[in-house]
Amino acid sequence: MSDSLAIEEVTAEELYQQLRRGEPLFILDVRNEEEFSHWRIEGLPPSALVNMPYFAFLEDEQGCLEQIPRARNVTVVCAQGGSSAFIAAILAHQGIHSRNLQGGMVAWGNLHVTTTISSPDESGLTLLQINRVGKRCLSYIVASGSAAMIIDPSRHLERYRILVKEQQTTLTHVIDTHLHADHISGGPEMAGLFGVPYHIRLDDAAGAKFPYHSLDDGTRLALGSSVVEIIAVHTPGHTPGSTSLLINEKYLLTGDTLFVSSIGRPDLGHKAEEWARQLYRTLFERMASLPDDVLILPAHYAGAAEMRRDGVVGITLGEARLRNPAFQVRTEPEFLDYVLEHLAPQPSVYQEIRRVNLGQMLFDEEHALEAELGPNQCAASLPPRS
Ligand SMILES: [Fe+2]
């Protein structure tokens, strides 16, 4: 292998944009089989994503090289970008056009992509959706005039700080729609850093080791002096304190209550039946009065199929009522049977993450990275209704 060949690198953001544009990519993932089966880059046809573990590659370099299409530009991926750089160099030496994913899957898991849902309209509303692609986590910035609030931020606070500044706004509130179990919330820390109130509903925040304001049903949140109307709507079921935010009667930020094609799993507190009953009432009673044209904006998604052409993950409530399998079940007993039958085992780390999000324990960076690896598993795995 020659050391003189410079290895071409691609950032996670560049790779994501190329995937979105449908460019003909070929990804060689050199992590071990277990890591690959747990979590991988999505959005490619199966033939364009191949797993050849690093050590298997070194043991049988020639055999592995024969399986790599020479005519393609090969993107090599590993956990942190080290061993993939080494393999990319071997490929380059063999005359194969190759490049290395800078920072590997750690960088992929930390990539946050921002999409504008609403630019300032007559009410002055700006609504941004921040997609943490690798985890399929969504957070939001709502801004008007000189004020902004952040909803469900990840722990990567710098991304949000830059966005708030770019909007020429000042942060006035931080909100978590519920106590998250799949990722570490940046909410309490962000609120502390900026000296602004942190909101989460009491039912979910009991035992929290940091100050918070309970987000009660019907609370109207003021955004500076603007006319943007933001109302908290208690929508329990995924958790008892789950709260959605209705913005200008046009957008409903649903947290993990209602997704594009599923609903939030009700079993994370080991009270699956009780919480599933709450979820039924939320969907069929609490949300019944909302019009069909309200745009549902969730805190998670299941894959690229739930993304609109413009990159926004969302669905109108009317479409969800027609297409989301959870809405096809009409009676409460039928709903309970259907949901409770389709709950995958929850990752054991979720209980620890909940404690971290209450400030009851702390992860160091290494543990935080490990705990957050892979896509969220917050949805009930509902199959289509026949
Ligand atoms: Fe959740």
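Reply: Let us begin with a definition. A polar contact is a pair of N or O atoms within 3.5 Å; within protein, one must be able to donate a hydrogen and the other to accept it, and residues adjacent in sequence count only if both atoms are side-chain atoms. Here, such a contact of 3.3 Å joins the side chains of H300 and D182. Please note that this is a predicted model, in which local features need pLDDT of at least 70 and side-chain atom pairs count only at pLDDT 80 or more, while totals for chains, interfaces and linings use all residues. Residues are numbered from 1 along each chain as its sequence is written, and side-chain values use heavy atoms, with hydrogens and water left out.

Me: Where is H300 placed, and is H300 buried or exposed?

Reply: Helices (H or I, at least four residues) and strands (E, at least two) are DSSP runs, numbered from the N terminus. H300 is in the loop between β16 (295-298) and β17 (315-316). Buried means under 20% relative accessible area, exposed over 50%, and partly exposed in between (1.4 Å probe, protein chains only). With a relative accessibility of 1%, H300 counts as buried. The side chain of H300 also reaches the backbone oxygen of R136 at 3.3 Å.

Me: Which residues coordinate the iron ion?

Reply: Donors are N, O and S atoms within 2.8 Å of the metal (3.2 Å for Na, K and Ca); water is not among the atoms, so sites may look incomplete. In this model, H178 (NE2), H238 (NE2) and D256 (OD) coordinate the iron ion at 2.1 to 2.3 Å. Along the chain, the donors follow the spacing H-x59-H-x17-D. H178 lies in the loop between β10 (170-175) and α8 (187-194), and H238 in the loop between β13 (230-234) and β14 (243-247), so the pair ties together parts that are 60 residues apart in sequence. H178 is buried at 1% relative accessibility, and H238 is buried with a relative accessible area of 1%.

Me: What does W108 touch?

Reply: Contact means heavy atoms within 4.5 Å. Not counting residues up to four places away in sequence, W108 touches several residues, among them A12, L15, W39 and V133. W108 belongs to helix α6 (residues 104-110) and is buried, with a relative accessible area of 3%.

Me: What is the nearest side chain of opposite charge to D204?

Reply: A salt bridge is a side-chain nitrogen of Lys or Arg within 4 Å of a carboxyl oxygen of Asp or Glu. Lys and Arg count as positive and Asp and Glu as negative, whereas His and the chain ends are not counted. D204, found in helix α9 (residues 202-205), is buried yet has no salt bridge, and the nearest side chain of opposite charge, R354, is 6.7 Å away. The side chain of D204 does form a polar contact of 2.7 Å with that of T239, and reaches the backbone nitrogen of G241 at 2.6 Å.
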